[in-house]
Amino acid sequence: MSEKVLLVDDEKDFLDIMSERMQARGMTVKTADSADKALAMLESESFDAIVMDFKMPGMDGIQALKNIKNQKPELQIILLTGYATVEKTVEAMKIGATDLLEKPADLEALAAKIKQAKTEKMLLVEKQNEDKIKDILQRIGG
Amino acid sequence: MPNPDLVPDRDGITFFGTLSAAVTHDMKNFLAIINENAGLLEDLAAGARNGAVPVDPRKAALISEKIRKQVNRADKMIKLFNRFSHSMDHAQESVDMEEMVLLVAGLAERIIRHHDVFLTVTPALVPCRIQAHRFDLLNLIYRAVETSCEILNNTPGENRKQVTISFGSDPLVPEICFILDTGTASGWDTLFDTSKDRALLDRVNMHVKKAGPGGNGFCLCKTPGKQ
């Protein structure tokens, strides 16, 4: 099954061309031009991964990352940035980013990260379900 | 070449760094879009090589147009940045304030957008010039834009955040006005009241006065009697 990706960037031209190329690689892509819109979309739709610009007007990437992780901890988020520094990468990873890539990113590398993100998300969801079942069984048993 | 006698102070260097960061971020975005368009051309070429899909000439022309659009955006930004870099070349000179406002508006477009603020510049009806060091004047205009954005973001309400910049109608009394459309903000008494801002105003021979129909703005005015 193809990966379902939410692409978030305030550059409309970037969203258009990236989604076209990602779709050509078999991914299902939805776009949002702000973090606020992305958060609203997450309330009604499920995604395997989010690819999001680090710096955007309104809510920036770090704040959006925190909010998304609060809302859907299993969701894998790959951040894109103009300048990837070690500090920035560490900060993003600490909050729960799956990866941080520098623009212009290599699409094949990004596609591989998205595929990996989907697998990780599935494992996390499986673990969450297992924990839920264990919890229910414990309550019934106890 | 920058004049070594006019090296900016720490505050000036911070201003230069802020605008440089915004400009280089924009440049990276332009490059990223160009890169993806080049990638799309590669995808099309690969498809045609395999004999699966012939290259659609209309599609190729569209991609070329998209690349050109980004090159034009980058070219415009580089030109603005080059003019900004040369603002340290001369000491006091006669400077067109409208030109300086447009330069700051172009370079800080991304920063202004980040504040969620819309900036409109009303063309000057008469020449609006001042004798000043170009870099200091740019720094002061940027501080005024930044202050306007901060005031708007601290004003409660969901209204569109709009700053309109206009120029004085008397060429002998040059002034730049920043009118904020969203309500009357508080904190006017402390506007440009830090020692850094006061020093900057002094270097450009300007002072601040309240403006706007409801006092919802301010003007940077030439201080009389000073050159």
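**Two pockets in a predicted model**

The largest pocket draws lining residues from both domain 1 (4-86) and domain 2 (90-222) of chain B, so it sits between those two domains. Keep in mind that this is a predicted model.

**The largest pocket**

- This pocket holds about 560 Å³ of space.
- Its lining is made of 23 residues, and the ones nearest the centre are A:Asp10, A:Glu11, A:Pro57, B:Glu109 and B:Arg113.
- Sort the lining residues by type and you get 14 charged, six nonpolar and three polar.

**The second largest pocket**

- The volume here is about 270 Å³.
- Look for A:Lys55, B:Ala21, B:Ala22, B:His25 and B:Arg110, which are the closest to the centre among the 13 residues that line this pocket.
- H1 and H4 of chain B are the elements that give two or more residues to the lining of this second pocket.
- The top giver is H1(B), which puts in five residues.
- By type, the lining of the second largest pocket splits into six polar, four nonpolar and three charged residues.
- Domain 1 (4-86) and domain 2 (90-222) of chain B each supply at least three residues to the lining of the second largest pocket.

Terms used. Residues numbered from 1 in each chain as written. Chains lettered and ligands numbered in written order. Predicted model: local features only at pLDDT ≥ 70, side-chain atom pairs only at ≥ 80, totals over all residues. Heavy atoms only, no water. 1 Å grid on protein atoms, 1.4 Å probe; cavity = no way out; pocket = protein on both sides within 12 Å on 5 of 7 lines; lining within 4 Å. Points joined across faces, edges and corners; volume = space filled by probe spheres on them. Nonpolar A, V, L, I, M, F, W, Y, C, P; charged D, E, K, R; others polar. Domains from an automatic or database assignment. Helix = DSSP H or I, 4+ residues; strand = E, 2+ residues; numbered from the N terminus.
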